[in-house]
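Here are some notes to read alongside the model, for someone opening it for the first time. Have it on screen and work through the points in order.

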Amino acid sequence: MKIKLHEPTLTFRHEFTVRFSEVDMMKVAWHGSYVLYLEDGREKFGAHYQGIGYEDYFRTGFVAPVVNLQIEYKQSLKSGEKAIVETRYIYHPGAKLIFEYIVYRASDMQEMAIATTTQVFVSPEGEMQYTCPEFFEEWKNRWLPK
């Protein structure tokens, strides 16, 4: 299934270097390493757009597990290459977080992979939430365009 990118509401980019521990015997980034790149993207996004970082979840007692992940690999990153993950928040009115990602090779901004993740909110009691937690509503009011 081909991933169709949406118009993002908020974006954040960060650069990283592909480490030797992330490559396979052909010296290209192992496909599973991209999941870690996406995780790093969400973490950096949450630190930049304060209020939905992991510490914010822990403080409120909520968690937001990934319930859907799709990656479309286009080209391979190599050991030692610099890359950029663009993390894109896609607005959804429900109690979920949708992010899209574009992984670029930094030297020429060639798309290496695109991906999407969906997360849902789970209460401290372990129940999936069907309405947005208060802290997430506050975050949306702070950061999203009116």
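This is a predicted model: local features need pLDDT of at least 70, side-chain atom pairs count only at pLDDT 80 or more; totals for chains, interfaces and linings use all residues.

1. Start with strand 4, residues 96-105. Nine of its 10 residues are buried, so strand 4 is largely enclosed by the rest of the structure. What are its partners? On one side of the pairing list is strand 3 (residues 82-90), which runs antiparallel to strand 4 and is joined to it by eight bridges. A hairpin of five linking residues takes the chain from strand 3 to strand 4.

2. Now the inside. How many residues does the largest nonpolar core have? There are 32, and Leu77, Tyr89, Leu97 and Trp139 are the ones with the most contacts within that core. At least two residues of this core come from each of strand 1, helix 1, strand 3, strand 4, strand 5 and helix 3. Another core, of six residues, lies apart from it, and its members include Ile102, Tyr104, Ala106 and Ile114. As background, nonpolar side chains tend to be buried together in soluble globular proteins.

3. Tyr89 deserves a look of its own. Beyond residues up to four places away in sequence, Tyr89 touches Pro8, Thr9, Leu10, Phe45, Leu97, Ile98, Phe99, Phe136, Trp139, Lys140 and Leu144. Lys140 is one of those contacts, and it sits in helix 3, residues 134-143. Is Lys140 buried or exposed? Its relative accessible area is 7%, so Lys140 counts as buried. Neighbours within four places aside, the contacts of Lys140 are Tyr89, Tyr91, His92, Pro93, Cys132 and Lys146.

4. Val18 is a loop residue, found between strand 1 (10-17) and helix 1 (33-48). Even so, Val18 is buried, with 2% relative accessibility. Which residues does Val18 contact, leaving aside neighbours within four places in sequence? They are Val23, Ala29, Tyr37, Leu77, Lys78, Ser79, Gly80 and Glu81. The C-alpha atoms of Val18 and Ile84 are 10 Å apart, with 66 residues separating the two along the chain.

5. On to charges: the whole structure has 11 salt bridges. In one of them Lys2 pairs with Glu72, with 3.1 Å between the closest N and O atoms. This pair links distant parts of the chain, 70 residues apart: Lys2 is in the segment before strand 1, and Glu72 is in strand 2. Lys2 is exposed at 62% relative accessible area, whereas Glu72 is buried at 14%. Both belong to a salt-bridge network that also takes in Lys74 and Glu111.

6. Arg13 and Glu86 make another salt bridge, their closest N and O atoms being 2.7 Å apart. Arg13 is in strand 1 and Glu86 in strand 3, so this pair ties together parts 73 residues apart in sequence. Glu86 is buried, at 7% relative accessibility, while Arg13 is partly exposed at 42%.

7. For a local salt bridge, go to Asp56 and Arg59, with the closest N and O atoms 3.0 Å apart. The two are three residues apart in helix 2 (residues 54-60), so about one helical turn separates them. Asp56 is buried at 14% relative accessibility, and Arg59 is exposed with a relative accessible area of 62%.

8. Finish on the surface. Which residues form a nonpolar patch there? Val35, Val66 and Leu69 do, with about 210 Å² of accessible area together. Leu69 belongs to strand 2, residues 66-73, and is partly exposed at 40% relative accessibility.

Notes: Residues are numbered from 1 along each chain as its sequence is written. Side-chain values use heavy atoms; hydrogens and water are left out. Buried means under 20% relative accessible area, exposed over 50%, partly exposed in between (1.4 Å probe, protein chains only). Helices (H or I, at least four residues) and strands (E, at least two) are DSSP runs, numbered from the N terminus. Two strands pair if DSSP finds at least two bridges between them. Patches are made of residues with over 30% relative accessible area and no salt bridge: like charges are joined within 9 Å, nonpolar side chains (Val, Leu, Ile, Met, Phe, Trp, Tyr) within 5 Å. Accessible areas come from the Shrake-Rupley method with a 1.4 Å probe; for residues, only the protein chains shown count as cover. A salt bridge is a side-chain nitrogen of Lys or Arg within 4 Å of a carboxyl oxygen of Asp or Glu. Contact means heavy atoms within 4.5 Å. A nonpolar core is a set of buried Ala, Val, Leu, Ile, Met, Phe, Trp, Tyr and Cys residues joined through side-chain atoms within 4.5 Å.
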